[in-house]
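Hi,

Here is the structure I promised to pass on.

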There are 2 protein chains.
Amino acid sequence: MLPILHLNGYKIANPTVLARIPRPELRALLEGYGHHVYEVEGDDPAAVHQQLAATLDQVVQEIDEIRQTARKPGGAARPRWPAIVLRTPKGWTGPKEVDGLPVEGTFRAHQVPLAEVRTNPAHLRQLDSWMRSYHPEELFDERGALVEELAALSPKSYRRMSANPHTNGGLLLRDLSLPDFRDYAVEVPKPGTTSSEATRVLGKFLRDIIGRNPETFRLFGPDETASNRLDAVFEATNRTFTGEILPTDDHLAADGRVMEVLSEHLCQGWLEGYLLTGRHGLFNCYEAFIHIVDSMFNQHAKWLKVTHGVPWRRPIASLNYLLSSHVWRQDNNGFSHQDPGFIDHVVNKKAEVIRVYLPPDANCLLSVADHCLRSRDYVNVIVAGKQLALNYLSVGEAIVHCTRGCGIWEWASDDQDKEPDVVMACCGDIPTLETLAAVDLIRQHLPDVTVRVINVVDLMRLQPSSEHPHGMSDSEFDALFTVSRPVVFAYHGYPALIHRLTYRRTNHANLHVRGYKEEGTTTTPFDMVMLNDLDRFHLVMDVIDRVPGLASGAGHVRQQMSDRRLLARAYTRATGEDDPEISGWTWPY
Amino acid sequence: MLPILHLNGYKIANPTVLARIPRPELRALLEGYGHHVYEVEGDDPAAVHQQLAATLDQVVQEIDEIRQTARKPGGAARPRWPAIVLRTPKGWTGPKEVDGLPVEGTFRAHQVPLAEVRTNPAHLRQLDSWMRSYHPEELFDERGALVEELAALSPKSYRRMSANPHTNGGLLLRDLSLPDFRDYAVEVPKPGTTSSEATRVLGKFLRDIIGRNPETFRLFGPDETASNRLDAVFEATNRTFTGEILPTDDHLAADGRVMEVLSEHLCQGWLEGYLLTGRHGLFNCYEAFIHIVDSMFNQHAKWLKVTHGVPWRRPIASLNYLLSSHVWRQDNNGFSHQDPGFIDHVVNKKAEVIRVYLPPDANCLLSVADHCLRSRDYVNVIVAGKQLALNYLSVGEAIVHCTRGCGIWEWASDDQDKEPDVVMACCGDIPTLETLAAVDLIRQHLPDVTVRVINVVDLMRLQPSSEHPHGMSDSEFDALFTVSRPVVFAYHGYPALIHRLTYRRTNHANLHVRGYKEEGTTTTPFDMVMLNDLDRFHLVMDVIDRVPGLASGAGHVRQQMSDRRLLARAYTRATGEDDPEISGWTWPY
């Protein structure tokens with residue numbers, strides 16, 4: 001909370017704008033951000049050090065007073081944090097001149113000032129006198145050890161910067177106190193007949209997690225907590241806000257546990273810092289805009305990978321993303337808000353730190369979220385819709401299904417005693433809906449075709465076990481997806497990812513994937529799936545095109561499916577809405 | 001250049017911090033950024049409009065004076081641009097209260113204030129009186145047309161905002177005047193024996209492009225123009241800088257054509273604006289950090305895709321990325337600087353707007369750059385190293401090879417009269433080097449094994465022609481990669497991408513890809529390729545493992561290759577450098 005701007009770059013060649021801002025403007029800028037500004041400046045190192053030390057003493061006292069005030073009831077107002085501006089010449093106390101050219105105070109001090117020490121005796125001599133200018137004889141004894149007086153300045157034990165437990169957050173980490181997620185489950189007496197808003201169901205679970213862990217759990221997100229339908233959390237807490245709070249404000253408080261700001265960068269950075277210092281959190285975001293933090297995610301994933309090889313680093317809580325308001329339901333926002341590619345980005349990172357879940361309904365989302373919040377040292381990506389959507393599994397079934405990660409839905413399949421004619425696989429809530437509606441159409445129009453329905457929650461299950469710890473063995477994959485039957489796979493994101501994960505599988509040549517192919521606009525939900533050929537009618541056409549021997553006999557059905565796409569589109573153009581027969585479909589068996 | 005902050009959100013529920021900054025602090029903040037601040041505020045619309053109009057007149061005059069001054073010799077100093085702060089209540093002139101709750105001036109004005117107009121007669125009446133409060137009878141005539149007096153206020157012709165040619169930049173676009181890139185080529189008397197820094201060669205071409213197009217071409221980059229070895233451009237121009245310029249500064253000027261700032265976001269935004277208004281540019285960036293603009297790239301690619309369907313939109317210059325300082329040569333920076341995944345991200349967007357090139361040497365980079373700078377309406381990604389690297393092709397050969405995009409290198413192959421035992425494919429400068437060194441080892445140690453070497457410059461050639469306009473037909477692909485021989489493919493980035501692009505090809509089951517598998521650290525170039533099993537010795541082992549019948553007979557050679565990896569690593573640990581026999585390897589035939 002104590003920024004020190006060290007403007008030692010004020011003469012470098014690169015347009016480092018900050019360092020060139022005239023003094024009054026820089027002061028105005030910092031004061032504009034609410035800082036109390038101290039300036040320290042000079043050419044004489046001893047004088048500057050003394051001035052800086054005195055300023056630091058003053059500033060530490062000021063911070064302490066702010067903290068004391070904040071801890072009093074009603075005292076947590078927005079403080080004017082102190083800021084120190086320290087101006088010194090660039091390359092300060094280094095060589096003033098090398099080979100006749102000025103170095104100190106110029107851009108030449110930005111890299112190695114004496115580059116030819118090994119070959120140029122003049123450079124070597126200059127290095128020698130530069131190093132001697134720091135008086136090593138006063139700093140070290142004859143054996144080269146730091147003199148006792150200086151060594152004693154270093155703080156002891158955990159007050160050493162490197163031993164501060166907050167730099168090894170796993171030391172401070174305590175398990176979350178989690179309520180039983182089954183208590184939040186929706187009743188599912190029969191699959192595919194009742195509806196829930198999955199994230200709203202999750203919101204109640206999160207509310208009680210916040211209530212039970214008031215100091216170790218925070219929810220992060222760019223202004224979308226309510227929009228993503230997690231607003232039950234406001235029954236237990238508020239949005240963090242340290243500015244002036246007005247009577248007309250809605251759930252703002254200095255001690256709020258919801259960190260909401262319309263900057264994905266800030267949300268990600270806050271959450272990383274919170275996790276690295278031993279706490280827990282969840283970042284909820286519109287799916288398309290999580291790409292804003294691609295580069296930050298990269299560095300966190302790289303950090304996790306590297307720390308796995310550092311034995312003294314203790315595991316930290318996983319970085320959990322909840323991506324809602326996803327590609328298929330941007331009815332009002334359109335093409336700019338449609339991008340399911342974060343999953344592809346994540347999958348490039350090391351398998352041991354990456355997990356991706358696409359729960360098909362509310363109870364599955366609960367089960368997945370509970371699992372992710374208990375996990376350590378991963379990046380978990382959960383993609384789940386916020387709109388009313390069918391419930392398929394009771395909570396007991398959801399637990400089994402999510403633990404397995406991928407499995408046959410018996411109740412939707414009719415291949416119990418034999419190999420099916422076609423495997424209908426699905427991953428993601430909307431693809432699951434369209435797949436089941438397609439299965440219904442197949443039962444009606446092509447009753448002789450036997451179908452196996454497979455739902456994938458844990459995307460990494462599709463990979464070979466040699467590539468990812470969650471990967472299925474080939475024999476398990478073959479048993480599920482068969483070795484020779486056509487597989488029509490409806491996937492939430494870009495279809496290529498499914499091929500990338502499965503290209504080594506026996507039956508890959510028969511795998512046909514539908515997903516988002518970058519076609520979108522502001523339109524109805526069903527029109528969106530039609531634009532990308534992911535709709536129930538097209539899936540039936542895909543089955544007809546791929547099940548051997550079906551094509552000619554099913555010509556009438558195929559044409560009917562094609563016509564129903566045209567009628568469905570015409571309906572949207574006439575009414576601005578989807579045909580209720582489509583949007584209101586439920587599983588009829 | 002005229003920011004108007006319209007603070008109508010000062011009472012919304014979300015922590016919109018800006019709107020709550022106390023007036024003096026906001027003024028200080030804007031003044032800190034060098035603005036001359038005007039404040040306009042009030043509750044009475046007529047008074048505020050009048051005040052705003054007067055302020056705008058004043059401000060436009062001020063801007064005009066700044067411009068006049070800037071056009072005088074030596075006048076282009078950093079100006080104090082005017083900024084207007086306009087404060088009005090949120091939901092201003094809308095309903096003050098709905099259903100007994102305050103709306104105007106509160107967060108309730110953020111969305112639809114009267115949500116039940118269709119069903120609630122009170123809401124409908126309120127909507128009616130709200131709309132009438134704007135006096136439509138004074139604005140429209142009996143037929144509903146705008147009254148003449150108001151219609152006459154609209155500017156004429158291209159001064160209408162929608163008809164301004166800068167909003168349809170293709171109207172203003174002129175071809176670049178490009179020098180003949182062949183004049184910048186390096187001599188290649190024999191493949192793989194001389195070395196160049198590819199981007200340094202390109203820099204001279206860019207220098208002369210800037211010289212010939214002083215008003216329509218800019219180079220953008222985050223502080224890396226010199227680091228990426230494009231510094232020849234500073235013979236023709238400077239870095240843009242409008243602040244105070246000091247005598248010790250290096251190539252800063254207000255009219256410089258190199259836009260350099262350590263913010264990839266700014267570089268991307270500037271370039272997009274420059275292209276959309278009819279100019280040309282190139283963005284050079286460290287490969288790993290281009291992910292910072294993933295989300296901005298998405299929106300530009302979506303824009304291009306959508307505008308292809310808008311007949312009156314004229315084509316604009318392509319958005320060209322030059323990614324240098326790439327994953328394989330981060331000797332000093334290490335793991336944090338290693339990420340070749342931007343290509344994967346780009347490939348998710350619509351095929352018709354996406355092009356990806358990995359020129360293997362300096363002359364190929366020239367040819368590719370020339371092609372990209374002439375293109376329209378694409379996003380071109382070029383990946384090229386900056387370090388000294390072998391030259392393989394004369395400029396004439398490079399033109400043919402890059403135009404073809406993918407082809408057999410006859411001089412490196414020895415399968416002229418028959419199907420080869422193995423295809424060694426490569427894409428990217430470092431993979432090409434390792435592949436050719438592996439071919440040399442095979443010739444020495446396994447002289448009976450015939451090898452076909454294929455180099456890929458245009459990555460999209462690998463896709464089926466149905467998926468990308470550059471895609472090869474299946475018959476062409478089969479002729480190159482065979483239908484049954486093992487293919488060892490050395491690729492610059494994540495191996496999965498090659499599988500994703502080729503999974504439909506006949507010979508895909510025999511395709512074995514090496515690339516970056518997220519293993520890296522601060523180490524020597526050859527150790528980096530060894531960490532990822534992309535090195536020449538491992539490629540030979542891959543050939544031994546995959547060519548039928550070779551395994552047992554080549555056991556000695558395989559062990560030797562494995563030993564040479566160990567020796568190479570030991571050499572780096574002992575000396576901090578690569579064995580010169582490896583780093584100095586050239587093509588010996």
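To start with, which residue does A:K96 form a salt bridge with? The partner is A:E104, and the closest N and O atoms are 3.1 Å apart. By salt bridge I mean a side-chain nitrogen of Lys or Arg within 4 Å of a carboxyl oxygen of Asp or Glu. A:K96 counts as exposed because its relative accessibility is 57%, whereas A:E104, at 19%, counts as buried. (The cut-offs: buried is under 20% relative accessible area, exposed is over 50%, and partly exposed is in between, with a 1.4 Å probe and protein chains only.)

Before you go further, some housekeeping. This is a predicted model, in which local features need pLDDT of at least 70 and side-chain atom pairs count only at pLDDT 80 or more, while totals for chains, interfaces and linings use all residues. Residues are numbered from 1 along each chain as its sequence is written, chains are lettered from A and ligands numbered from 1 in the order in which they are written, and side-chain values use heavy atoms, with hydrogens and water left out.

- A:E476 pairs with A:R461, with 2.9 Å between the closest N and O atoms. A:E476 sits in helix α14 (residues 474-481) and A:R461 in the loop between β18 (451-456) and α14, 15 residues apart. A:E476 is partly exposed at 33%, and A:R461 is buried at 14%.
- B:R536 meets B:E434 at 2.9 Å, N to O. This pair links helix α17 (residues 536-546) to helix α13 (residues 429-445), and the two residues are 102 apart. B:R536 is buried at 4%, and B:E434 is buried at 3%.
- A:R514, A:K517, A:D533, A:D535, A:D542, A:R546 and A:R565 are joined in a salt-bridge network.

Helices (H or I, at least four residues) and strands (E, at least two) are DSSP runs, numbered from the N terminus.

Cheers
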